[in-house]
Amino acid sequence: MAEHNKNRTVIHRDDWKTNAMPEQHKTFVLNRKFSAEQMDALRCGNIPQDMDDRWFWYMEESTLWAHRSWTGNCIYRIDFKEDNNHIITVNCDPEQYTCSNTDKEIEVLNKLLDYWARTPSDC
């Protein structure tokens, strides 16, 4: 259940329909730095507010889980690492997600993270 912490709402797994990461997936490393403010924004998570909001995400410890809002399918798992070499797991089940080559996935994920980690956080 979403909780309020220092005037922020923190989203949790049970706040939305979620499906596990499928057996068909791949992993790669994303080397990227995040500021403390950006990490705070990511930790808040997101509950979709309308049909155009396509992502539900939340963090558990240092792992961000990103699910498609309509299906609940897990598309990305991001294990944040202190050395900024974050481990990315991406869904490659063709019935759930069209997994691209690693370079394309990095491009897409970086755009999503830019948006999700925008500061100041609106949560």
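Visitor: Hi! Quick one to start: is D114 buried, partly exposed or exposed?
Guide: Hello! This is a predicted model, and in it D114 counts as partly exposed, at 46% relative accessibility.

Visitor: Which residue does D114 form a salt bridge with?
Guide: Its partner is R32, and the closest N and O atoms of the two are 2.5 Å apart.

Visitor: How many salt bridges does the structure hold?
Guide: There are six. One of them pairs R77 with D79, with 3.0 Å between the closest N and O atoms. R77 is partly exposed at 29% relative accessibility, whereas D79 is buried at 11%.

Visitor: What about E107, which residue does its side chain meet?
Guide: E107 meets K111 in a salt bridge, at 3.6 Å from N to O. Both residues belong to helix 2 and are four residues apart, about one turn of the helix. E107 is partly exposed, at 38% relative accessibility, and K111 is exposed, at 54%. Salt bridges with shared partners link K104, E107 and K111 into one network.

Visitor: Let's stay on helix 2. Which of its residues are buried?
Guide: Those are E105, L109, L112, L113 and W116. Looking down the axis of helix 2, the buried residues fall within an arc of 100 degrees, so they line one face of the helix.

Visitor: Nice. Which residues are exposed on the other side of helix 2?
Guide: On that side you'll find D103, K111 and Y115 exposed.

Visitor: What covers the buried residues of helix 2?
Guide: The cover includes helix 1 along with strands 3, 4, 5, 6 and 7.

Visitor: How far apart are the end C-alpha atoms of helix 2?
Guide: They are 20 Å apart. With 15 residues at 1.5 Å a residue, helix 2 should span 21 Å, so the two values agree.

Visitor: Changing topic: how many residues are in the largest nonpolar core?
Guide: That core has 23 residues. L42, W55, L64, Y76, F80, L113 and W116 have the most contacts inside it. The elements that each give two or more residues are strands 3 to 7, helix 1 and helix 2. Helix 2 gives the most, with four residues.

Visitor: Since you mention C74, buried or exposed?
Guide: C74 is buried, with a relative accessible area of 0%.

Visitor: Last topic, cysteine pairs. How many disulfides does the count come to?
Guide: The count comes to one disulfide. The disulfide joins C92 to C99, with an S to S distance of 2.4 Å.

Visitor: And is C99 buried, partly exposed or exposed?
Guide: C99 counts as partly exposed, with a relative accessibility of 24%.

Definitions and conventions: Residues are numbered from 1 along each chain as its sequence is written. This is a predicted model: local features need pLDDT of at least 70, side-chain atom pairs count only at pLDDT 80 or more; totals for chains, interfaces and linings use all residues. Side-chain values use heavy atoms; hydrogens and water are left out. A nonpolar core is a set of buried Ala, Val, Leu, Ile, Met, Phe, Trp, Tyr and Cys residues joined through side-chain atoms within 4.5 Å. Buried means under 20% relative accessible area, exposed over 50%, partly exposed in between (1.4 Å probe, protein chains only). A disulfide is a pair of cysteine sulfur atoms within 2.5 Å. A salt bridge is a side-chain nitrogen of Lys or Arg within 4 Å of a carboxyl oxygen of Asp or Glu. The expected span of a helix is 1.5 Å times one less than its number of residues. The arc is that of the directions from the helix axis to the C-beta atoms. Contact means heavy atoms within 4.5 Å.
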